[in-house]
Amino acid sequence: MPITTCWKSYEEVATYLLDKFSDEFDLDRVEGKQKVKGNRSGTEWAIDAKGVNLEGKGFIIVECRRYLKSKQNQEKLGALAYRIIDTGASGGIIVSPLGIQSGAEKVASAEEILEIQLDANSTPYKFAMGFLNKLMLGEHINFTDEWDTIMRITCQQCNNKFEPLQNERVCSTCASKTAVMIKDKQIY
């Protein structure tokens, strides 16, 4: 992917994932890029995404920053904090691969800005997203129509684990006939 379009794709993936997991953030939904009018300044702010609170009461501003060499600093969070204050938003989310610096953490805490770390190369189906001591992982997996089940048995005499031939329950090591099934079934 060309460098010039990575940021756009990052915003789109972040918006998609935030919407998909909107319940985790007490949101009804997350909408894409749009303009929001400032109440105090009278200006319009272009925001990366907008989280709509449950029951449509209020919103939060989402800012996506795909910076690969440094964490988000205090000034960048200060700019987001002002947009929150000016628009009357109830808070914000900052999405970044590297997280935020210590000064930025103070601004985030004061203005109810949630920090979300999202891997820089995330896609809607393959991602690593961390927030509030949670980690969400996704990977697109193709399943086939057929599954093979392999049952393993543990011998009560020698603790040997083995895969029985058909319905045979005789230990392949000690020939004990007292082997029993245990709970470790493996599905491939």
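**Aromatic pairs: exercises**

In this predicted model, the count of aromatic pairs comes to three.

**Exercise 1.** Classify the pair Phe25 and Phe131: stacked, edge-to-face or tilted?

*Solution.* Start with the distance. The ring centres are 4.7 Å apart, and the cut-off for a pair is 6.5 Å. Next, take the planes. They stand at 50 degrees. Stacked needs under 30 degrees and edge-to-face over 60. The pair is therefore tilted.

Now place the residues. Phe25 sits in the loop between helix H1 (3-20) and strand E1 (27-31). Phe131 belongs to strand E8 (residues 127-131).

**Exercise 2.** Are Phe25 and Phe131 buried or exposed?

*Solution.* Buried means under 20% relative accessible area. Phe25 has 11%, so Phe25 is buried. Phe131 has 3%, so Phe131 is buried too.

**Exercise 3.** Classify the pair Trp45 and Tyr82, and say which elements hold them.

*Solution.* The ring centres lie 6.0 Å apart. The planes meet at 70 degrees, so this pair is edge-to-face. Trp45 is in strand E3 (residues 44-47), and Tyr82 is in helix H2 (residues 74-87). The pair therefore ties together parts 37 residues apart in sequence.

Check accessibility last. Trp45 has 23% and counts as partly exposed. Tyr82, at 36%, also counts as partly exposed.

**Exercise 4.** Which residue lies over the face of Phe59?

*Solution.* Look above the ring of Phe59. Lys50 lies over its face, at 5.0 Å from the ring centre.

How values were computed:
Residues are numbered from 1 along each chain as its sequence is written. This is a predicted model: local features need pLDDT of at least 70, side-chain atom pairs count only at pLDDT 80 or more; totals for chains, interfaces and linings use all residues. Side-chain values use heavy atoms; hydrogens and water are left out. Helices (H or I, at least four residues) and strands (E, at least two) are DSSP runs, numbered from the N terminus. Buried means under 20% relative accessible area, exposed over 50%, partly exposed in between (1.4 Å probe, protein chains only). A charge sits over a ring if NZ of Lys or CZ of Arg is within 6 Å of the ring centre and within 35 degrees of the ring normal.
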